[in-house]
Every structure is written in C-alpha cells, then in structure tokens.
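Open the viewer and keep the selection panel at hand. This tour goes stop by stop.

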Amino acid sequence: WRERERGLLCFFEQCVCARRQTTTATMGKIIRTQRKGAGSIFTANTHHRKGAPKLRAMDFAERHGFIKGVVREILHDPGRGAPVARVQFRDPYRFKMRNERFLAVEGVFTGQAIYAGKKAHMAIGNILPLGQLPEGTVVCNVEVQPGDRGKLGRASGAYSVIISHNSETGRTRIRLPSGAKKALHSTARATVGLVAGGGRCEKPVLKAGNSYHKYK
C-alpha cells in the first residue's frame with residue numbers, strides 16, 4: 001500500500017512540473033512586436049518635422065507666366081534624407097509674403113532666385129511644365145496629374161529624365177528613378193535638377209550594425 005501511495009505521489013509531482021513548464025512557455029514570453037504595436041513610448045517623434053514639401057498650388061501666374069521666389073534657408077527635416085528649402089514668394093493677390101517648402105535640388109543656395117511658371121527660364125531649381133523642357137532634361141518632384149504638387153522622384157539623390165514629347169496627344173514620356181517609363185500630361189510641372197542628399201547610403205559605415213557584422 002505504501003509503494004502504491006509513493007507511486008501516486010511521484011505521478012502527481014510529475015504532472016505539476018509539466019503543467020508549470022507549459023504555463024511558463026505560453027504565458028511568460030513577452031513579445032516585443034506586440035508591445036510596440038500599442039504605441040506609447042514606441043511612437044516616432046514627429047513634432048520636430050518641418051512639414052510636407054510640395055510645389056506651389058497652381059494659379060494664374062504659373063499657368064500663363066511666371067512668379068519669382070527667394071530661397072531663405074535650407075532645413076534638415078527629421079525622418080527625411082533630402083534637405084528642404086524654404087522659399088518665400090510675394091502673394092500675387094494680397095499684400096503679404098508666402099512661405100513654401102520645396103525639396104532642395106542639388107546646387108540650390110540661400111539667396112537664390114527661384115522662378116516657377118510656364119514662361120520661366122530653364123535653370124537649376126526652377127519649376128516648369130514638362131512640355132516646356134527639352135528632351136534629356138533631368139527633373140525631380142514630378143507631378144502625376146497637373147496640380148497635384150509633386151509625386152514622383154522625391155527621394156534623396158533621385159531624378160527623372162525627359163525622353164520625348166508627343167504634341168498630338170499632349171503627353172510627355174519620362175524615365176523614372178526605378179528605370180520604368182511613364183507618359184504624363186505635358187502641363188504637369190517638375191523641378192529642374194536632381195534632389196540633394198544623394199549618396200546617403202554610400203557611406204563606408206552607415207550605421208553601427210554594419211561595423212558590428214563586419215568582423216563576425
């Protein structure tokens with residue numbers, strides 16, 4: 001009878017240990033991705049960002065002539081590889097100044113005059129319709145639809161190239177940074193030049209992790 005009792009006790013202890021191990025394996029693991037999904041301290045710090053850089057809203061001055069602006073400063077936008085230029089324009093309808101944020105083009109400097117419009121001359125940093133630019137021109141921040149203020153070729157060092165114009169259909173064919181070719185409306189605007197900040201990923205050791213894995 002005592003041997004039978006001792007055997008039952010051993011069996012009971014084994015069951016309790018197995019249950020403890022199962023409970024620890026399923027309940028004790030803290031899943032990091034689930035913690036981050038709740039937000040709180042894991043959210044990105046976005047209150048230092050300068051705002052979305054876009055082209056000017058399409059108006060009469062750009063459709064039929066041009067308007068002049070001045071680069072006041074070049075800013076670093078946290079979370080963005082490309083620098084941002086703050087360009088000041090005189091309001092064509094009210095007695096006030098308008099500040100616009102553009103993606104800084106390589107070669108742009110503070111105090112430079114920026115011209116935007118159909119009759120603006122072709123120079124680095126100026127904004128013109130695709131149909132007014134010759135074939136082979138390097139452009140960036142290209143509109144997909146006229147007036148959408150820039151959608152294509154906005155990453156640091158990115159650019160598109162104008163391939164050809166079709167005057168019958170009013171379309172312009174460009175080559176995107178990915179190498180794909182796209183036909184856009186000739187009145188869609190673009191900035192002349194390529195986005196500044198190129199070579200950002202070509203540093204010898206971009207991050208500490210690369211240095212760590214280099215000697216593994």
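Here is what to select, in order, and what is there.

**Before you start**

This is a predicted model, in which local features need pLDDT of at least 70, side-chain atom pairs count only at pLDDT 80 or more, and totals for chains, interfaces and linings use all residues. Residues are numbered from 1 along each chain as its sequence is written, and side-chain values use heavy atoms, with hydrogens and water left out.

**Stop 1: T191**

Select T191. It lies in strand β10, residues 189-192. Strands (E, at least two residues) are DSSP runs, numbered from the N terminus. Is T191 buried or exposed? T191 counts as buried because its relative accessibility is 6%. Buried means under 20% relative accessible area, exposed over 50%, partly exposed in between, with a 1.4 Å probe and protein chains only.

Now show the contacts of T191, leaving out residues up to four places away in sequence. They are L55, V105, G125, N126, I127, V138, V139, C140 and N141. Contact means heavy atoms within 4.5 Å.

**Stop 2: the cavity**

A search of the whole structure finds one cavity of 30 Å³ or more. A cavity is a set of points, on a 1 Å grid over the protein atoms alone, where a 1.4 Å probe fits but cannot get out; lining residues have an atom within 4 Å of a point. Grid points are joined across faces, edges and corners, and the volume is the space filled by probe spheres set on the points.

**Stop 3**

F102 sits in strand β3. F102 counts as buried, because its relative accessibility is 6%. Draw a line from F102 to V84: they are 18 residues apart in sequence, yet 5.8 Å apart in space, C-alpha to C-alpha.

The largest nonpolar core has 18 residues. Such a core is a set of buried Ala, Val, Leu, Ile, Met, Phe, Trp, Tyr and Cys residues joined through side-chain atoms within 4.5 Å. Which residues touch the most other members? They are I67, V71, A85, V87, F89, F102 and I127. Strands β1 (66-75), β2, β3 and β4 (113-117) each give two or more residues to this core. β2 gives the most, with three. A second, separate core of 14 residues includes L128, L133, I174 and V192.

**Stop 4**

N141 is found in the loop between β6 and β7. N141 is buried, with a relative accessible area of 2%. Its contacts beyond four places in sequence include R149, G150 and K151.

Next, select β6 (138-140) and β7 (160-166), which pair in the antiparallel sense over two bridges. Two strands pair if DSSP finds at least two bridges between them. V139 stands opposite S160. Move on to β8 (171-175), which pairs with β7, also antiparallel, over five bridges. H165 has T172 as its bridge partner. Finish at the turn: β7 and β8 form a hairpin with four residues between them, and G170 there has a positive phi of about 70°.

Note on methods
1 Å grid on protein atoms, 1.4 Å probe; cavity = no way out; pocket = protein on both sides within 12 Å on 5 of 7 lines; lining within 4 Å.
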